[in-house]
Amino acid sequence: MSEAMKRLQERIGCKPDGAFGPNTAKAIAAQYELSPERAAHLLGQAAHESGNFKLTQENLNYSEGALHAVFGRYFGEGKENAADYARNPEKIANYVYMDENRSKKGALGNVNEGDGWLFRGRGFLQCTGRTNYRAFASEMRLPDAMMEPDLVASEYAFESALWFFERNNLFKIADEGVSDEVITKITRRVNGGTHGLDDRREKTKKIYGWLT
């Protein structure tokens, strides 16, 4: 059961049971004035990224092996020893998410001590980094999200996903339809690749069916 989903359901007039289904999808589309195509793409991607809306905060409790698999560029010969970071989420975040350890292109605006952990991934689409939190708080007129980042995992989990789609012009792509090609295009923008593509396709098309 998702507490973030329950809070969203309360705001849109659905039974706050924390479960995601056709009624909740339709209510979200109506509340935020989303077409079936836009709602299906947003909710399909968010459902995949959040484990069906159950996970709203990044899990960084990685083993040594997982660190090499997920953050391989930060560990190994000539770099940090993964064993020194294993099973220490805060230490991991404050290493891999700090700008001083990232390329200019991958900068997240994390420049103050502890920013990596403070602005770790939250929300249904994992808003990450000081720069993104600041933009979300400003553009959505939710200043408390910047002062209390944990709110993005609870109160604003969906709003942060909505903001991501709007800011990256993904709704314009969604207007092209719900074909495999369009889902793949949006997946690349959300994921940076095509990880979990089959599941994203399945979820998006299933939700589109509910909405139409």
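**View 1. Phe71 and Tyr97 are both buried, meaning under 20% relative accessible area, where exposed is over 50% and partly exposed lies in between (1.4 Å probe, protein chains only).** This is a predicted model, in which local features need pLDDT of at least 70, side-chain atom pairs count only at pLDDT 80 or more, and totals for chains, interfaces and linings use all residues. Residues are numbered from 1 along each chain as its sequence is written, and side-chain values use heavy atoms, with hydrogens and water left out.

**View 2. Here we meet the aromatic pairs.** Rings of Phe, Tyr and Trp (its six-membered ring) pair if their centres lie within 6.5 Å; planes under 30 degrees apart count as stacked, over 60 as edge-to-face and the rest as tilted. By this rule there are 15 aromatic pairs. Phe20 and Phe53 form a tilted pair, because their planes stand at 50 degrees, with ring centres 4.6 Å apart. Phe20 is partly exposed, at 22% relative accessible area, whereas Phe53 is buried at 1%.

**View 3. Now back to Phe71 and Tyr97, with their rings in focus.** Their planes meet at 85 degrees and their centres are 6.1 Å apart, so the pair is edge-to-face. Ring pairs also join Phe71 and Tyr97 into a cluster with Tyr62, Tyr74, Phe75, Tyr85 and Tyr95.

**View 4. Finally, look for charges sitting over rings.** This label applies if NZ of Lys or CZ of Arg is within 6 Å of the ring centre and within 35 degrees of the ring normal. Lys91 lies over the face of Tyr85, 4.7 Å from the ring centre. Over the ring of Trp117 you will find the charged end of Arg120, 3.6 Å from the centre.
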